[in-house]
Amino acid sequence: MTIKQSYFGTHGGKQVNEFTLENAHGLKARVMNYGATLISMTAPGRDGTLADVVLGFDSLEQYVASDTFFGATCGRYGNRIKNGQFLLAGEQVQVTTNEAPNHLHGGDKGFDKEVWDAWVNEAQNSVTFTLASNDGAEGFPGNLVLTSTYTLTDDDRLIMTLTGTTDKTTILNMVNHSYWNMAGHAGGDLRNQLLQVESDFYTPVDEQLLATGEIHSVKGTPFDFRAEKPLGRDRDEIVNAGFGRLTEDGGGYDHNWIVRGFGTGLRPVATLRDPESGRAMRLSSTEPGVQIYAGGYLNPKVIGKGNQPYEKYGGTTFETQKPPCSPNFSHFPSAVLSPGEQYLHVIEVEFFTQ
């Protein structure tokens, strides 16, 4: 199908365009080259009704001003690094501490705040965004060449492929930061949506939402989604106190699960479905972990698409990744990337009804 392209705005003197991918069943994905971002994704309900299941904004200015990372490709390092410090090849590295005193999602100007180049492939129904990140950017070593590709298939799968190469040993942990709501982006609290996670263990966090290095069983905890259950059933038992964000009913989930059976190739990660509409997504990834953030710090001051206030718990992210703080824990999967290697991270979201 023809991939539609249109003007979305200008940032830093560079033009930002949006691209619309459509498949044979009428599903559509809208992406843009600011932040290599997923703007919207339509998925069918049980009665065939399509709804946009990704939170986002109507204007480029809103994306630039926001700290939500809606739909963005984040890096160099998705998630948090304590004090922005780690040892690499025997040398101490200091990166930006944009969530003082820690590093988050790539720093003050991560990949999400860059205007990427764009390449359309209509034969594959895909758009590839490319970016060069210079040695020393946000304190990270190495010149990187990066790609973020979105492909929409006729069997209703959205495939996101993230790659990177470097000329100097560095770390790289790119994530896609889309917020999903299977009732639709304006569907409100996901409390009653059903979640299953292919995981037996999670990594606890401290009061700053930093991984402690521990790995705990999900059994007997609110983190047990081995069998499908409502996302909100045990959510209020989770307290995330980081940086004064403690709320009366808790911050909800903002933790990393260890994906079961991790190995080469795609592995099932999670399934989320809305029992009312029947709309559902099945997530697979090549990464060993997934950060599930249940939107506990969203609030109605965040005005999304269609002038919709996004309430607390109005969307959840599935950031497939290396476990958080992995550069500082030798027993976590390594995020180190060396010259001659290729970083390859594939995310597949299959849409279906039930």
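Predicted model: local features only at pLDDT ≥ 70, side-chain atom pairs only at ≥ 80, totals over all residues.
**Entry 1: ring pairs.** I counted the aromatic pairs, taking ring centres within 6.5 Å as the criterion. The count comes to 19 aromatic pairs.

I then examined Phe-57 and Tyr-63. Their ring centres are 5.1 Å apart and their planes stand at 85°, so I recorded the pair as edge-to-face. I also looked up the burial of these two residues, and both Phe-57 and Tyr-63 are buried.

**Entry 2: a pair between strands.** I turned next to Phe-129 and Tyr-150. The centres of these rings lie 6.2 Å apart with the planes at 70°; as angles over 60 degrees count as edge-to-face, I assigned the pair to that class. I located Phe-129 in strand S12 (residues 126-133) and Tyr-150 in strand S13 (residues 144-152), so the pair ties together parts that are 21 residues apart in sequence.

I checked accessibility for each partner, with under 20% as the limit for buried. Phe-129 has a relative accessible area of 0% and is therefore buried. Tyr-150, at 1% relative accessibility, counts as buried.

**Entry 3: charges over rings.** I looked for Lys and Arg side chains over ring faces. I noted Lys-229 over the face of Phe-225, at 4.4 Å from the ring centre. I also noted Arg-282 over the face of Phe-352, where the distance to the ring centre is 4.1 Å.

Definitions and conventions
Residues numbered from 1 in each chain as written. Heavy atoms only, no water. Phe/Tyr/Trp six-rings, centres within 6.5 Å; stacked < 30°, edge-to-face > 60°. Buried < 20%, exposed > 50% of the residue type's maximum accessible area, 1.4 Å probe, protein only. Helix = DSSP H or I, 4+ residues; strand = E, 2+ residues; numbered from the N terminus. Lys NZ or Arg CZ within 6 Å of the ring centre and 35° of its normal.
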